[in-house]
Amino acid sequence: MLDENIKENEPVEVKEEAPAVEEQSVVTKTYDQVIEDARKALYKSYMTSRRVSNILMFVVVAAIVGIMFMVINNNQVLKIVGYSLAGVLLVGMILFYVLTRKNFPNKTKDYVALVSKTLNSELFKNQEFDEIASNPEEKLGLDDLIGDSVYQEATGINSRNVVRGTYKKHHFLYSEAALTRPSTRKQQVPPLFVGKYISLPNDLKFDGRFVVVIKNPKEPLDLPNAVSDLAVLEDKDDFMIYGPEGSNYRDVIDNKVISQLKKLQIGGHLLNVNVVFWSGHSAAYISYDDTIMSVPFEKPLDKAGFDQSFKDLLICLNALTEE
């Protein structure tokens, strides 16, 4: 039956509705997911490379046994074939080494760079950070840390991820570092410090230096060993302050700074914190265990641990930029 308002045989205009456009949700990976995807790919490449190496080793050993059998045989033809195969095998091994020797190291280098870049993006995302810049090739020198007079007897330094920028308009330097002492094969001496290092200028005016230590009283680690010239001004379980004999640190260091530093909770992955104050210069040594300081490879990144380490850094920077 036709609609009464439409005459028979009259053309009818049909309006086509535009197809609904499906909204595409943009899925953004979290920093730990980005690192985990890269870690899995690198670990898979490592295991594949390892399997290939094992198979090739088996083939090479079998080939060498066969070649030795031919060479020591009295048959002249077999000897010629054996020596020929030995030459081919040697050339093949050299070519394989040349073509693959940088493959996994290059992938590892790229992975480490990605981890540092990704962690930095999360670490320095706070709006108070500005002018953040890093150079993958930059390393800290031993003099950069020894001059703080927190540690002594260090003979070497390893550093990575050196970052410069501003926090609340205060210029700072950040790096992951380790201060090492001489070791031998028979005696492995633990490093003096392994953790994150922060350095920035201050407006303090005084003689000497003060060293604030936040430690684990039951298992102290990475404690300062260059403070023999200083007196203990305060010692309360997990909190210590060294300074010049007879001085009052409260006349120099604002109570707000101390209150901020006391927010740091030793435990879990955070092992120790040393903060040194000089006239015009402050530095913090934040010690962590391998879970935080090692690039994740066999196991996934500990997100909760890294999230807490990011908070620790902000606490230190808030304390050292307190006005």
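Which elements each supply at least two residues of the lining of the largest pocket? Before I answer, a word on what we are looking at: this is a predicted model, in which local features need a pLDDT of at least 70, side-chain atom pairs count only at pLDDT 80 or more, and totals for chains, interfaces and linings use all residues. Residues are numbered from 1 along each chain as its sequence is written, and side-chain values use heavy atoms, with hydrogens and water left out.

The answer is helix 3, strand 1 and strand 2, where helices (H or I, at least four residues) and strands (E, at least two) are DSSP runs numbered from the N terminus. On a 1 Å grid over the protein atoms alone, a pocket is an open set of points with protein on both sides within 12 Å along at least five of seven lines, a cavity is a set where a 1.4 Å probe fits but cannot get out, and lining residues have an atom within 4 Å of a point. The largest pocket has a volume of about 420 Å³, a volume being the space filled by probe spheres set on the points, which are joined across faces, edges and corners. Its lining consists of 19 residues, and V112, A113, S116, P136 and N161 lie nearest the centre. Helix 3 gives the most to this lining, with eight residues.

The search of the whole structure finds one cavity of 30 Å³ or more, and the largest cavity has a volume of about 130 Å³. It is lined by 17 residues, of which L119, R160, E176, I292 and F306 are the closest to its centre. Two or more lining residues come from each of helix 3, strand 2, strand 3, helix 6 (290-293) and helix 7 (303-320). Here too helix 3 provides the largest share, five residues.

Next, the aromatic rings. Rings of Phe, Tyr and Trp (its six-membered ring) pair if their centres lie within 6.5 Å, and planes under 30 degrees apart count as stacked, over 60 as edge-to-face and the rest as tilted. By this rule there are 13 aromatic pairs. One of them joins F124 and Y174 edge-to-face, at 5.6 Å centre to centre and with 85° between the planes. These two residues are 50 apart in the chain, with F124 in the loop between helix 3 (103-123) and strand 1 (129-134), and Y174 in strand 3 (residues 170-180). Both F124 and Y174 are buried, that is, under 20% relative accessible area, while exposed is over 50% and partly exposed in between (1.4 Å probe, protein chains only). Ring pairs also link F124 and Y174 with F129, Y167 and F172 into a cluster.

K196 lies over the face of Y288, 5.5 Å from the ring centre, and the charged end of K262 sits over the ring of F239, 4.7 Å from its centre.

Beyond its neighbours within four places in sequence, S159 is in contact (heavy atoms within 4.5 Å) with K139, L140, S175, E176 and A177.

Technical notes: Lys NZ or Arg CZ within 6 Å of the ring centre and 35° of its normal.
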